[in-house]
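Take a moment to look over the sequence and the 3D structure. Then read on.

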Amino acid sequence: MLSYEEALDHLLAAAMPVAEVELIPLADLRGRILAEALVSTETVPPLDNSAMDGYAVRCVDVPQAGVALPVAQRIPAGSVGHALAAGTAARIFTGAPLPRGADAVVMQEFCAHGPDGSVIVNCLPKPNMNIRRAGEDIAAGAAVLSAGTRLGAAEIGLAASIGAARLPVRRRLRVALLSTGDELAEPGQPLPPGGIYNSNRYFLRALLESLGCAVTDAGHVPDSLAETRRALRAAAECNDLIVTSGGVSVGEEDHVKPAVEAEGELSLWKIAIKPGKPLAFGKVGAGGTASSAAFIGLPGNPVSCFVTFLLFLRPYLLKRMGARTTLPVARTLVAASDWTKAEDRRNFLRARIAADGRVELYPNQGSGVLTSCVWADGLVDTPARQTFRAGDPVRYLSFTDLL
Ligand code: AMP
Ligand code: MG
């Protein structure tokens, strides 16, 4: 059996990033992977400006609180004033450029109106008070986002703040999804005797799409070698990767393995983790041709399928998408539950953080109990042959970093 790290190393070593780059407008960038570093041609903010609504002054003109100054100009955001004459103040608003000569802004809450239209400054201003300096966020020429960044809300906002309208991103990874198993019925259909509803198909699609893959749902293949081979060949045509669920155990109804072997190459890995021991990796079609695709076969049990997606497929996909960071960061937290079953495989237990910050375990850790994945907000990574008690430290991986 392979360890988790060995299997992951094999997968990542084989994961070549897609080469094609496209220029995409800001509105469509969420989840895309930046192909080159983004360098700012702008200074942000472009000018020294006021952080408050108030009065711009020269500190030398206000040696003590209570000084009255004539208000010589008014500078709303979006307009540029003129140099501040000695002994005067400028009415100024948040975001408006600081007039030349001013070295502080006094909040309007600390000012009063004098009878002659002057402003009475009721505090002692200090240089730089309430001023946002030009370039304090971004200097012209600075790299603001590095290649391989996954673009989320903050990154897209930052790109907009330097005036970039489009960004070069890797093209989407094209993934075909196949589910196997004659027992599977589709939601919306009546459940035949011996049938179960196909759940993997739907959560795998959601997981792939939330990572930014272009998913082709290639449907549900019957348990037959010929049908499985045909479905694999068709899926390899215009996709980078084929993902299947089920059919990779060693029963005679498990046709994925022989079908991939017949159509390409396959390694079947037994990985010393729970849930999700079997994982198949290979390719369909002659390597490097347009009609070939990488292949990953996930286990059929829904929880095994879900967890192996997060632990293996997700980092593999991110690397192929050109992302810089592929692995989640674990946190050490305190257990709220006991785990008393020492098992011979490393266990990724469905868990969630309670109100007191400790981690509790879902009571049923069965590999078919998909409720555990809904209840949980992460996984507790437990070494083989190890137990823990409430109060012990545990290694927690958040779904926030995994989905
Ligand atoms: P297999 O890996 O094909 O032997 O399947 C292992 C278990 O997972 C069996 O109980 C299957 O019925 C179940 N299973 C396989 N595929 C799915 C699916 N798409 N949705 C729900 N359960 C599945
Ligand atoms: Mg099956």
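What follows goes from the domains to the ligand.

This is a predicted model, where local features need pLDDT of at least 70, side-chain atom pairs count only at pLDDT 80 or more, and totals for chains, interfaces and linings use all residues. Residues are numbered from 1 along each chain as its sequence is written, chains are lettered from A and ligands numbered from 1 in the order written, and side-chain values use heavy atoms, without hydrogens and water.

The chain splits into domain 1 (4–19 + 171–320), domain 2 (22–41 + 148–170), domain 3 (49–132) and domain 4 (331–402). These bounds come from an automatic or database domain assignment. Between the C-alpha centres of domain 1 and domain 4 there are 26 Å. Their contact (heavy atoms within 4.5 Å) takes 19 residues from domain 1 and 18 residues from domain 4.

Now turn to the ligand. Which residues come nearest to ligand 1? Of the 16 residues around ligand 1, they are Glu183, Asn198, Ser199, Gly247 and Gly300. Here, a residue counts as near if one of its heavy atoms lies within 4 Å.

Look at the polar contacts (pairs of N or O atoms within 3.5 Å). A polar side-chain atom of Glu183 is 2.5 Å from an oxygen atom of ligand 1. The side chain of Asn198 has an N or O atom 2.7 Å from a nitrogen atom of ligand 1.

Key
Polar contact = N/O pair within 3.5 Å; in protein donor to acceptor, adjacent residues only side chain to side chain.
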